[in-house]
Amino acid sequence: MLKKLLPKTKSKKKKEAASSAIPTLDRLHETLEMLEKKERFLQKKCSAEIGKAKDYTKSKNKNAAIQCLKKKKLYETQIEQLSNFQLRVHDQIIMLESAKATTDTVDALRSGSSAVKAIQQSLNIDDIENAIDESNEQTENMRQIQEALATPVGASADFDEDELEAELEDLEEEELDEELPAPPARISAPVEPLAKATSSSKQRSELSELTKLQAEMAL
C-alpha cells in the first residue's frame, strides 16, 4: 500500500526534495504574510470609501457617493481574492509540512534499521557462544581458587574437630554453672536454747532418781 502511495524516485532526488522543503516553507510563509498585509490595506481602503460615501450622502452628492461605493465593491472583490490566495497558501504549507514530517520519519526509521542491521552483522552466534563459555570457565576457575584458599593448611590442618567441639561444650557448661544462682546457706540452730534444753533434761533426771531413792528408804 505504501509503495503505491509513495512514488519511486532515486535517492539523490529524494535528498534534493528534502533539502528544498525548508526554503519552500520559508517562501510560502513570506507570501502568506504579504497577502495578509495587502488584505489589511484594502480593508482600510474600503472603510475609507464608506466614510466618503457617508459624507457625500450628507452633502446630497449622490453621484460621488455611488462612485465611492463602486470602489468599495472593487476593493471587496480583491479582498475576497486575497482570502482565497491565503487559503491556497495555507493548504500548501500544511501539505509541505506534513510531507516533510513524513520524510523525516522515514529517514529516521531507515537510519535506525541500518544501525540495527550493522550491529547484527557485527555479531556472530559462534562468538556469542564462545564468550558465554569463557565466562562460565572463568567463573568455575574463580570458585576453585576460593575453595583452595579456604582449605586449612599447616598446623591448622591437624586440628581434631571433634576434640575442639568437646572442649567447646565443656566451656559452655562451665559458663552455665557460673550463671546459675548459688544455693542458700543453712542456718545453724542457736547454741543457748540447746544448752538450756540439756540442763532442764538433766534436772528432771536427777529429780526422778531422788524420788526413787526416797521410795526405797521408805520401804
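Mentor: Helix 4 (residues 125–150) gives the nonpolar patch its largest share, 3 residues. Helices here are DSSP runs of H or I with at least four residues, numbered from the N terminus. Before we go on, keep in mind that this is a predicted model, where local features need pLDDT of at least 70 and side-chain atom pairs count only at pLDDT 80 or more, while totals for chains, interfaces and linings use all residues. Residues are numbered from 1 along each chain as its sequence is written, and side-chain values use heavy atoms, with hydrogens and water left out.

The patch covers about 470 Å² and is built from Ile119, Leu123, Ile125, Ile128 and Ile132. To belong to such a patch, a residue needs over 30% relative accessible area and no salt bridge; nonpolar side chains (Val, Leu, Ile, Met, Phe, Trp, Tyr) are joined within 5 Å, and like charges within 9 Å. The areas come from the Shrake-Rupley method with a 1.4 Å probe, and for residues only the protein chains shown count as cover. Find Ile119 in helix 3 (residues 62–122). Ile119 is exposed, at 51% relative accessible area; exposed means over 50%, buried under 20%, and partly exposed in between.

Now for the charged pairs. A salt bridge here is a side-chain nitrogen of Lys or Arg within 4 Å of a carboxyl oxygen of Asp or Glu, and the count by this rule is 7.

Start in helix 2 (residues 11–58), where Lys37 and Glu33 sit 4 residues apart, so about one helical turn separates them. Their side chains form a salt bridge at 3.9 Å, N to O. Lys37 is partly exposed at 48%, and Glu33 is also partly exposed, at 43%.

Further along helix 2, Glu49 and Lys52 are 3 residues apart, again about one helical turn. The closest N and O atoms of this salt bridge are 4.0 Å apart. Here Glu49 is buried, with a relative accessible area of 5%, whereas Lys52 is partly exposed at 40%.

Asp104 is partly exposed at 40%, and Lys100 is partly exposed at 23%.

Note on methods
Helix = DSSP H or I, 4+ residues; strand = E, 2+ residues; numbered from the N terminus. Buried < 20%, exposed > 50% of the residue type's maximum accessible area, 1.4 Å probe, protein only.
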